[in-house]
Amino acid sequence: MAAMMQPQIILLKEGTDTSQGKAQLISNINACMAVVDLVRTTLGPRGMDKLIHDDKGTTISNDGATIMKLLDIVHPAAKILVDIAKSQDLEVGDGTTTVVLLAGEFLREAKPYVEEGVHPQLLIKSFRTAANLAVQKIKELAVSIEGKSFDEKKSLLEKCAATTLSSKLVGGEKEFFSKMVVEAVTILGEDDSLSMIGVKKVPGGTMRDSFLVKGVAFKKTFSYAGFEQQPKKFENPKILLLNVELELKSEKENAEVRLSDPSQYQSIVDAEWNIIYDKLDKCVKAGAKIVLSRLAIGDLATQYFADRDIFCAGRVAEEDLQRVANATGGAVQTSVNNIVPEVLGTCEIFEERQVGNERFNIFTGCPSGETATIVLRGGADQFIDEAERSLHDAIMIVRRAAKNSTVVAGGGAIDMEISRFLRQHARSIAGKSQLFINSYAKALEVIPRQLCDNAGFDATDILNRLRQKHALSSGEGALFGVDINNGGVIDTFTNFVWEPAVVKINAITAATEAACLILSVDETIRNPKSESAQGEGAANAMARRGGFRGRGRGMRRR
């Protein structure tokens, strides 16, 4: 009786919503599975695209990371899947749909055990063990492309790029673009910074009209009268890069000049003109034939340079200016005083060329040469945007494959082989973890299954044939995956369906970590401010700013 008389303990403030226990864990798993069901149809060469319409416009994409970003998911547990898709995109560039799909499937396999009362920590421990075993197996199965000749290595990297592009909107032109991507990455050399590859989009033409510039290309900037009188082609020019404004500046509104004699006014005006002419004269004396500036180059300067057969462009984007500096060996100057020859860049050929409706300034034959520009052509803007995202993935994959030069068989072959290996390993373990590792192995089969579903094939039949191939004791079936073209099984490695080992390792590790994180959460606490409290706060703020106008309580009506 005394226990019943104890007062209620209030720990959290009013309005706080808490939900905990098994029901909360299952709710989180269901939310993640709902997100996975959204993106699962985008996997593979026959994957469908998603059209996302928001206040920024319309996006058509089958890139997992792009879709996850644009969905604007609010569920706290499901947001973890968005984060792993982003991390996969930043780390290796491809496999974003794969990582989300795997995480969801691990949770789907864990759900029955949670419902039956298995402690989540037992599942987490087994899943982590299985992930470590899977990563070791991938490293064993990976084939190194190191030690090959330059041409062989280039050919192998093209195969990796083609595998990535085959699942994208530009899959029909994968041979054309894979060569372009590998060449662009090869140009970068050791410094494979992504910012050194520029992608410029020009609507119109076909995808085959796209081209690679071994140097820097950017759209013609805003220009003034006199621009058309400037030469549009140079051989071995000196290039001056500035972060200086070359135009007459009007004084600020509060500027004041006091004169005692009206005749002094002309001297003030002349001083302004002398300053700009002095700057322009110093640029000409430096010996530069091309002057680029991040800030504006006005009409006076444009005409001045045109009269002296010098090309100029103002308001050049900072990233383009930096790429020109890196490629030509020049340095960006913040002053035109004391310009020494060492800060001027050079290139073999500079020309202004028409591309579709745009005019491009193109620098080729640059001495350092560690930069490239891909000019993309195509129909609709949405199509070109998706092509750019596809090429980003391919560039990232080629960079990774060139650095971590090991590849594995794609098309679900590596997933089936790891699944077989884990099932075999599970038989040697006693206790509950045997079941959990078996479930983990089953979850890995989601990749080949989804590839079949998205291509319209009978997934059950093809998976049975794959299991039979991978069960061969000789080990020759380890490279067999889904034949997307004919709807059967095929040696994907021999048929050059490759992906870098680092993509698969990263995907399995990130997906397992995400699944374990969601399984370890047993309570969600929401602490929103009540609407009335927000309303009162807003009213008080308005009153302080004088937002409420009107009669006071004691004022008489008139």
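Trainee: Which residues in helix 12 meet helix 13?

Mentor: Asp415, Ile418, Ser419, Leu422, Arg423, His425 and Ala426 in helix 12. Their partners in helix 13 are Gln434, Ile437, Asn438, Tyr440, Ala441, Lys442 and Leu444. Contact means heavy atoms within 4.5 Å. Helices here are DSSP runs of H or I, at least four residues; strands are runs of E, at least two, and both are numbered from the N terminus. This is a predicted model: local features need pLDDT of at least 70, side-chain atom pairs need 80 or more, and totals for chains, interfaces and linings use all residues. Residues are numbered from 1 along each chain as its sequence is written, and side-chain values use heavy atoms, without hydrogens and water.

Trainee: How is the packing of two helices described?

Mentor: By the angle between their axes and the distance between the axes. Helix 12 (residues 413-426) and helix 13 (residues 433-444) pack at about 170°, axes 8 Å apart. Axes are lines fitted to C-alpha atoms over the stretch in contact, and angles run from 0 to 180 degrees between N-to-C directions. So helix 12 is roughly antiparallel to helix 13 (over 145 degrees).

Trainee: Is helix 14 largely enclosed or open?

Mentor: Largely enclosed, because eight of the 10 residues of helix 14 (residues 446-455) are buried. Buried means under 20% relative accessible area, with a 1.4 Å probe and protein chains only. Among them are Val446, Pro448 and Leu451.

Trainee: What covers the buried residues of helix 14?

Mentor: The cover includes helix 4, helix 12, helix 13, helix 15 and strand 17. Just after helix 14, Gly456 takes a positive phi of about 85°.

Conventions: Parallel < 35°, antiparallel > 145°, perpendicular 65-115°, else oblique. Buried < 20%, exposed > 50% of the residue type's maximum accessible area, 1.4 Å probe, protein only.
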